[in-house]
Amino acid sequence: IIIRTVTNVSEELLAGTSVRFVASASAGHDHIDEVVFHIPGITVVHTPGCNAQAVSEYVMTWLSHFNIPSGSTLGVVGFGNVGSLVARLALASGMHVVVNDPPLADIGYIFPDAVTPMDLDSLLQCSGVVTLHVPYTASGMHPTKGLITAHRLGLMHAGATIINTSRGGIADETALVQQVTSGRLHAVLDVFTGEPNVNADVIRSIPYCTPHIAGYSESAKVRASRMVLNAYRHWSGMGFHIPEQHELMTQRRSTEADTAVIIDHLFREQWLADPSSSTFAVCRRLTPLRAEHLRPPSWEELHVLRD
C-alpha cells in the first residue's frame, strides 16, 4: 500500500490482508500508527527530507513578507532536514540563528559554528521569529506534543512571530489565538490540531493560515514518489526503471507567482466561509504546486561568508 498523508494506516486496516509493504510519500509519519512499525513481516517506509526545500522556502517567504530585518534572531526548533535548511537560508540572508534540538544534543551532535544551540526557553526569549520543525511525538525522552505551552508563548517578547509548519498539537492553539488577538504575538500556521477538522476560531483569529501546503512543490512531490519507488524496488528485488528527478519535472513558475500562492492563498475565503474537513481537503488539493527557487549555501560556504 502506497499513500500520502490523507490515509491513516492502523493495525486494523492491515489485519487479514496480504499487505507486507507500507509506504508513505511524506516526510512525517504520524498518520501511520506506531504499532504498525512493529508488526512482524511488515516493512514501513516514509520519505524524510522530501519536502525540506519547499518548507524552508515557505518559511523564508513569510520572513520576507514581514520584512524581518537582517541581523534579527531566528529561533529554529528542530534541526533535522527542514530546520537545518531553514538555518542555512536564514544565515545567508544575514540573520542570527539559534537552535534547539535535545535529541541531537543527547547523541553528541556537534552543531555548526554558524548557529548557537540553547535550551528552548532561552531560544523563545531571544528570538524575533521562532519556526518549528519537529516531529509529533507523544512519548519518549523528548515528546513534542504540547511543546509550546501557554507559558512558553508568554516567554516570547511582544511583537515576535511564531511559524508552525511541522504538525498540529505541538503548539497550544488556544493560547496562541489569545496572544495573536491581543496583538502581542504574530503567528503563521500551516498545520493544526485535529487536522483536517480545524478549529474555526483558529483560522478566523490568525490571519496567516494555510491548509498544510508548506511542502507543496512539484519537486517535493516527485522526490517523495521516487524515494518510495526506490524503497519498493529494494524491498521487492524488482528491477524496474525509475526516471530521474529532472525527467519528471514540468512546472516553470515564477518566484512572484509562488509567493502569491503562499501569502494570498487562493482558497482562504472559501475555507473561512466553511471551515469544515471537506473544505480543508479541497483547498489543500487545489493549491497549485510551487517550484523551488532558492539555492541554500553549504555550511562551508557560510563559514567563508562569516570570515
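This is a short chat about one predicted model.

User: What should I know about the model before we start?
Analyst: It is predicted: local features need pLDDT of at least 70, side-chain atom pairs count only at pLDDT 80 or more, and totals for chains, interfaces and linings use all residues. Residues are numbered from 1 along each chain as its sequence is written, and side-chain values use heavy atoms, with hydrogens and water left out.

User: What's the strand order in the open sheet?
Analyst: Seven strands run β6-β5-β4-β7-β8-β9-β10, with parallel pairing. Strands (E, at least two residues) and helices (H or I, at least four) are DSSP runs, numbered from the N terminus. Two strands pair if DSSP finds at least two bridges between them.

User: Which strands stand at the edges?
Analyst: β6 (116-117) and β10 (208-209). Each has a single partner strand, so one side of each is left without a neighbour in the sheet.

User: How many bridges join β8 to β9?
Analyst: Four, between residues 161-164 and residues 186-189. I163 has V188 of β9 as its bridge partner.

User: Switching to helices. How do α2 and α10 cross?
Analyst: At roughly 85°, with axes that come within 10 Å. Axes are lines fitted to C-alpha atoms, for helices over the stretch in contact, and angles run from 0 to 180 degrees between N-to-C directions. The two helices are therefore roughly perpendicular. That label covers 65 to 115 degrees; under 35 is roughly parallel, over 145 roughly antiparallel, and the rest oblique.

User: Which residues make the contact?
Analyst: Y58, T61, W62 and H65 of α2, with T259, I262 and I263 of α10. Contact means heavy atoms within 4.5 Å.

User: Is Q179 buried or exposed?
Analyst: Buried, with a relative accessible area of 14%. Buried means under 20%, exposed over 50%, partly exposed in between (1.4 Å probe, protein chains only). Q179 is in helix α7 (residues 173-181). Leaving out residues up to four places away in sequence, Q179 touches L153, G154, R184 and L185.

User: Now the backbone. Which peptide bond is cis?
Analyst: The one from E195 to P196, with omega near 10°. P196 lies in the loop between β9 and α8 (200-205).

User: Why point that out?
Analyst: Because most peptide bonds are trans, and most residues other than glycine have a negative phi.

User: What is phi at N67 and H212?
Analyst: N67 has a positive phi near 55°, and H212 has one of about 60°. N67 is exposed, at 63% relative accessible area, whereas H212 is buried, at 13%.
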